[in-house]
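Here is a short report for a reader meeting this structure for the first time. Please look over the sequence and the model before reading on.

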Amino acid sequence: MYLLIVSGMSGAGKSLALNSLEELGFFCVDNLPSLMLKEFVSLCKNAQPEIKRAAVTIDSRESLLSRNSSAVISAIEELDTPYDVLFLDARDDVLRKRYNETRRRHPLGEAGEAESGVRRERIFLQAMRNIATYTVDTSDILPRKFSSMISKLLPEMEEAKISLIISSFGYKRGVPIDADIVLDMRFIENPFYIEELRELSGLCKEVHDFVFSHKEAVEFMDVVEGHILKMLPLYEAQEKHILRVCFGCTGGRHRSVAAVEDLARRMRAKGQAVRIYHRDLRFEAEDIEARIANKEI
């Protein structure tokens, strides 16, 4: 039997994830106290027919049962069945906005308010986040996209080989909280300030050629490639299924995008499976268009 433990911040999408897992054939239980984990696994194994895949949510509501985070981790580590921990997170401002929009009470908030609740919950769940097999930032994932996100993640739970995700982002919108490695491309001249490149992106040859006309950029990518190739086997040995390498620049449209595409090309040439995600590419294009329209630039 395989058990997926879904945890994470309130408002990050645990209920949506559990619904998606149920649709994928998992036997799901929401808010199972960690004290009951062993008994739950035993029930699944003894069921007729046996339950092969199950998912439960365990989160900060454990604190309401006077359980500290160390006790929760111990209960998980004592399991005698294969398991993974999926931790769903989001930026604090997104979590507060979601709670304020729905007018829900936060389980750990003073008088149910979100700000103190998010702060307390992040402290309580840090230990759970530390043991997570998968950490997903849902800040920019729409509810209708949850099923797709979960279904793409699940096959990798069975893979021995690590999957490499290379992402671009803009610092102006925050660093991705699910990043394993963050690399800053702001040491290269910003194409935004070159008029003929401003409305293009790192996907365009002109921007790519400009970024890598700087020998420092080429040297930097040589070092990054060597580092990643050396580290991948070590991550695999630690049974890490996904490695997220994130390149950042100011807006997330020019330098970081070019760096992602360059590293992806290099890694594929070495036979490594790669997925690419340009988080802020579209958002920055819309921002540039609006600033041009308003004659701000």
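## A cis bond in a loop

Pro-49 sits in the loop between helix H2 (37–46) and strand S3 (53–57). A cis peptide bond joins Gln-48 to Pro-49, with omega at about 0°. Helices (H or I, at least four residues) and strands (E, at least two) are DSSP runs, numbered from the N terminus.

This is a predicted model: local features need pLDDT of at least 70, side-chain atom pairs count only at pLDDT 80 or more, and totals for chains, interfaces and linings use all residues. Residues are numbered from 1 along each chain as its sequence is written, and side-chain values use heavy atoms, with hydrogens and water left out.

## Positive phi angles

Asn-31 is a residue other than glycine, yet its phi is positive, near 55°. Its place is the loop between strand S2 (27–29) and H2. Asn-31 counts as partly exposed, at 34% relative accessibility. Here, buried means under 20% relative accessible area, exposed means over 50%, and partly exposed lies in between (1.4 Å probe, protein chains only).

Lys-295 also is not a glycine and has a positive phi, about 55°. Lys-295 is in the segment after H11. With a relative accessible area of 74%, Lys-295 is exposed.

## Helix H11

Helix H11 covers residues 281–293. At 1.5 Å a residue, its 13 residues should span 18 Å, and the end C-alpha atoms are 19 Å apart, which agrees. The expected span is 1.5 Å times one less than the number of residues.

Leu-281, Glu-284, Ala-285 and Ile-288 are the buried residues of H11. They cover an arc of only 105° around the axis, which puts them on the same side of H11. The arc is that of the directions from the helix axis to the C-beta atoms. On the other side of H11, Arg-282 and Ala-293 are exposed. The cover over the buried residues includes helix H7 (195–198), helix H10 (255–269) and strand S9 (274–278). Contact means heavy atoms within 4.5 Å.

Glu-284 belongs to helix H11. It is buried, with a relative accessible area of 5%. Leaving out residues up to four places away in sequence, Glu-284 touches Lys-172, Arg-173, Gly-251 and Arg-253.

Val-211 is found in helix H8 (residues 205–211). It is buried, with a relative accessible area of 0%. Leaving out residues up to four places away in sequence, Val-211 touches Ile-188, Pro-191, Ala-217, Arg-255 and Ala-258. Val-211 and Ser-256 are 45 residues apart along the chain, and their C-alpha atoms are separated by 9.6 Å.

## Helix H6

Which residues of H6 are buried? They are Phe-146, Met-149, Ile-150 and Leu-153. Seen down the axis of H6, these buried residues fall within an arc of 95°, so they line one face of the helix. An α-helix has 3.6 residues a turn, so residues three or four places apart point the same way. The buried residues of H6 pack against H1, strand S4 (83–89), S5 and S8.

## The largest pocket

The largest pocket holds about 1500 Å³ of space. On a 1 Å grid over the protein atoms alone, a pocket is an open set of points with protein on both sides within 12 Å along at least five of seven lines, while a cavity is a set where a 1.4 Å probe fits but cannot get out; lining residues have an atom within 4 Å of a point. Grid points are joined across faces, edges and corners, and a volume is the space filled by probe spheres set on the points.

The pocket is lined by 48 residues, and Asp-137, Thr-138, Asp-140, Ile-141 and Leu-142 lie nearest its centre. Among the elements giving two or more residues to this lining are helix H1 (14–23), strand S5 (134–137), helix H6 (146–153) and H11. H4 gives the most, with seven residues.

## The largest cavity

How many cavities of 30 Å³ or more does a search of the whole structure find? It finds one. The largest cavity has a volume of about 40 Å³. Its lining includes Ile-58, Asp-59, Phe-124 and Met-128. Helix H3 (69–77) and helix H5 (114–130) are the elements that give two or more residues to the lining. H5 gives the most, with four residues.
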